[in-house]
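The following paragraphs walk through a two-chain complex, one chain at a time and then across the interface. Please keep the structure open while reading.

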Amino acid sequence: MALSLVVKLPPFQVLLDEHAADLHRFLVAAVGPHDGADCFQETVVAALRAYPSLRNADNLRGWLFTIAHRKVIDLARRNARHAVPVADPPEAGHEDRDASGDDDLWAAVRRLPPKQRSAVVQRFLLDRPYAEVAATLGCSEDAARQNVRAGLQRLREEVPA
Amino acid sequence: MNRPEDSFDHAELGRDPARTDGTAPEDRTDDVDDLARTNGLAAHLAAGPRADRAELDRLVAAAIARADADDLVDVAWTVTDTPIGPLTLSATPVGVVRIAFGDEDDVLDELATQVSPRVVHLPSRLDDLRRQLDEYFAGRRDRFEVPLDKRLVKGFRARALEALAAHVGYGQTASYREVAELVGNPGATRAVGTAMATNPIPIVVPCHRVVRSGGALGNYGGGPEIKAWLLRLEGASILL
């Protein structure tokens, strides 16, 4: 019977209660407070839209992070398309000041390529294991580790300890 | 294909593209994390953006409002406080689908299974019901005027609840047998009892008005004390 394939999904509210805070933290860290708020709302709406057709309820947290990661990538592509070269960067980190402990560092994080940024934030802000970071990025665990390594090296160059 | 954000992976990944089983050598695990720990980056990053609870609640509510505008909220719920304790109210786009005594999560699990897993906190959809309940509990309302979604009850039970709602008004009571007669099946008192006990929308669909022959209260989903309280509120004559 087709019925045996139906997955028992918890109320979407449970996902929000358990994961919304970390999703929000991840997105604010990755793209800043303003874009983070937008990406967060887009993530929730996209997740709710797709939720009933999920075939597997084993890793709902991972599924939500995958959606949030895609929002980071989408935003980076949009920004790249609309980017206008400017002589002086407009007050780097200005809008980030209220939400992050270290302006220089987080400004540098947000200059990383999106995959490295996403990987670094997931690994060190949210303490996610490499296997989960890899699942979110849709790559191998080694690739996730390489993204983190490259991101860290660049951060160390840009923000001397 | 010129996707700058992917260029790193294509360049570096070629070294070991086959490894997907998570069996990376230990030294490389430590290598990457240690790099961050030794120079203090890990601690800095771990102390990054803090979630502000009020801001988060506001963002979640805004996201749910957006989802609702896209018809993505299949079940909206909220909890309201009443003189008989908290009630969990829920509605589909069709109407009120379930009222549960208390504020336990079980009812959300049931709704996720029986209606749709798209169950989220959206109090605005229940504003009318909440206002009418306030008026009812204040003794200023003797009937409810909200659309109902009756999908959780079928067949004989649905007919028994319909008959009750149509014929047994505020301040009145009926026996299980009388409701059975209203449905045209006088022998089905036990089935009427089951229909009342499993009424998904108590108070609004007034199963508290169905009592034992002779006037004893009988059972109630919210407990016999609440049944008595509701009947007293309505000024019904009851034994006890």
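Apart from its neighbours within four places in sequence, A:Leu27 is in contact with A:Gly36, A:Cys39, A:Phe40 and A:Ala68. A:Leu27 is one of the residues with the most contacts inside the largest nonpolar core, which has 98 residues. A:Phe26, A:Ala68, A:Val109, A:Val120 and A:Ala144 are the others named in that group. The element that gives the most to this core is α1(A), with eleven residues.

Among the contacts in chain A with a separation of 6 or more, 66% are between residues 24 or more positions apart.

Is A:Pro114 buried or exposed? A:Pro114 counts as buried because it has 25 C-beta neighbours inside 10 Å, where the cut-off for a buried residue is 20 or more. A:Pro114 and A:Val31 are separated by 83 residues in sequence, yet their C-alpha atoms are 9.0 Å apart in space.

The average pLDDT of chain A is 86, and 84% of the residues score at least 70. Residues 88–101 of chain A have a pLDDT below 50, and this stretch has 22 contacts in the model beyond near neighbours in sequence. Where pLDDT is low, the predicted coordinates should not be read in detail.

Chain B has another composition: its secondary structure comes to ten helices and six strands. Of its 240 residues, 30% count as buried. Residues 24 or more positions apart make up 54% of the contacts in chain B with a separation of 6 or more. Chain B averages a pLDDT of 87, with 87% of the residues at 70 or above. Its residues 1–28 have a pLDDT below 50, and beyond near neighbours in sequence this stretch has 30 contacts in the model.

Four of the strands can be followed together. In what order do the strands of the open sheet in chain B lie? The order is β3-β2-β1-β4, and the pairing is mixed. The edges are taken by β3 (96–101) and β4 (119–121) of chain B, each with a single partner strand, so one side of each is left without a neighbour in the sheet. On average, neighbouring strands of this sheet are turned by 30 degrees against each other, direction ignored.

β2(B) and β3(B) run antiparallel and are joined by five bridges. The two strands form a hairpin, with four residues between them. Within this pairing, B:Leu87 stands opposite B:Phe101 in β3(B). Although β3(B) stands at an edge of the sheet, it is largely enclosed by the rest of the structure, because five of its six residues are buried.

Helix α6 (residues 127–137) of chain B lies across β1, β2 (85–91) and β3 of chain B. This helix runs at about 25 degrees to β1(B).

The last step is the interface. How many residues of chain A are in contact with chain B? There are 54, and they are in contact with 46 residues of chain B. On chain A, the elements that give two or more residues to this side are α1 (12–31), α2 (33–50), α3 (60–82), α4 (103–109), α5 (114–125) and α7 (141–158). The largest share, twelve residues, comes from α7(A). By class, the side of chain A that touches chain B has 35 nonpolar, nine polar and ten charged residues. For the complex, the predictor gives an ipTM of 0.83 and a pTM of 0.83.

Methods
Residues are numbered from 1 along each chain as its sequence is written. Chains are lettered from A and ligands numbered from 1 in the order in which they are written. This is a predicted model: local features need pLDDT of at least 70, side-chain atom pairs count only at pLDDT 80 or more; totals for chains, interfaces and linings use all residues. Two residues are in contact if their C-beta atoms, placed from the backbone, lie within 7 Å. Ala, Val, Leu, Ile, Met, Phe, Trp, Tyr, Cys and Pro count as nonpolar, Asp, Glu, Lys and Arg as charged, and the others, Gly among them, as polar. A nonpolar core is a set of buried Ala, Val, Leu, Ile, Met, Phe, Trp, Tyr and Cys residues joined through C-beta atoms within 7 Å. A residue is buried if 20 or more other C-beta atoms lie within 10 Å of its own, exposed if 12 or fewer, and partly exposed in between; C-beta atoms are placed from the backbone. pLDDT is the predictor's confidence in each residue, from 0 to 100. Two strands pair if DSSP finds at least two bridges between them. Axes are lines fitted to C-alpha atoms, for helices over the stretch in contact, and angles run from 0 to 180 degrees between N-to-C directions.
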